[in-house]
Structures are given as structure tokens and as C-alpha cells.
Amino acid sequence: MGKRKFNDDRIMDILKEHQSGMTVTDVCSKYGISEPTFYRWQSLQLKNVGFDVKRLKALEEENRKLKKLLAETMLAAATLSEMLEKTSKESA
């Protein structure tokens, strides 16, 4: 399978142009795509398959990593706070 000419965001922009009033023929000729390709993109967009799914998975993965990083940072801060309290009590 070859490299994709349009990324998901660009495809969504192309579909929005059609929704704003351009004809399918005009949109296809403007971007050099065939009408079957346009209608395939449109059906995928209606099913939300392939466009938002990949982005959603990436965001979920990033969210998981950020939660882990936050938990580790909070644990480190709590540990340092405890150590600081112990050293303060010992020196007093």
C-alpha cells in the first residue's frame, strides 16, 4: 500500500467544502481525486471509522502516560515532604 496523499484532517476539510455547497465533481477535480474515493471518505466519516479512531487512541495513550507521570510526581513530592518533616524534627 502506497503513501496516503491526504491525511485525516485534510480529508475532513475536503468533505466540509462539499458540505458548504461545492458539488462533488468540483471538489474532486480541485483535489485530483475520483468520485468513488470521495464517496468512500464520506461513508467512512459517517461511520466514524478510520478518522477519529486513530486520533482517539493516540489521545488515550497520551492521557495514560500523563496520569502515570502525575502519579509518580505526586509520590515523589510526598516522599520528599515526609523526609523534610523527619529531618526538621530531628534537628529541632
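**Figure 1. The surface of the whole protein.** The accessible surface of the protein comes to about 7500 Å², and 60% of that belongs to carbon and sulfur atoms. Accessible areas here come from the Shrake-Rupley method with a 1.4 Å probe, and for residues only the protein chains shown count as cover. Please keep in mind that this is a predicted model: local features need pLDDT of at least 70, side-chain atom pairs count only at pLDDT 80 or more, and totals for chains, interfaces and linings use all residues. Residues are numbered from 1 along each chain as its sequence is written, and side-chain values use heavy atoms, with hydrogens and water left out. Of the 92 residues of the protein, 17% count as buried (buried is under 20% relative accessible area, exposed over 50%, partly exposed in between; 1.4 Å probe, protein chains only).

**Figure 2. The fold from end to end.** Starting at the N terminus, the elements run α-α-α-α, which makes four helices and zero strands. Helices (H or I, at least four residues) and strands (E, at least two) are DSSP runs, numbered from the N terminus. With a radius of gyration of 26 Å, well over the 12 Å that the globule rule gives for 92 residues, the protein is more spread out than a compact globule. That radius is taken over C-alpha atoms, and the rule is 2.2 Å times the number of residues to the power 0.38. The C-alpha trace spans about 80 × 30 × 20 Å along its principal axes.

**Figure 3. The largest nonpolar core.** Here you can pick out 11 residues: F6, I11, I14, L15, V24, V27, C28, Y31, I33, F38 and W41. The elements giving two or more residues to this core are α1 (8–19), α2 (24–31) and α3 (35–47). Helix α2 gives the most, with four residues. A nonpolar core is a set of buried Ala, Val, Leu, Ile, Met, Phe, Trp, Tyr and Cys residues joined through side-chain atoms within 4.5 Å.

Figure 4. Beyond its neighbours within four places in sequence, Y31 is in contact (heavy atoms within 4.5 Å) with K5, F6, R10, I14 and E17. Y31 and F6 are 25 residues apart in sequence, and their C-alpha atoms are 9.7 Å apart in space.

**Figure 5. T79 and L84 in helix α4.** T79 is found in α4, which covers residues 52–91, and L84 has its place in this helix too. T79 counts as partly exposed at 36% relative accessibility, while L84 is exposed, with a relative accessible area of 57%. From T79 to D9 is 70 residues in sequence and 44 Å in space, C-alpha to C-alpha. For L84 and K5, 79 residues apart along the chain, the C-alpha atoms are separated by 57 Å.
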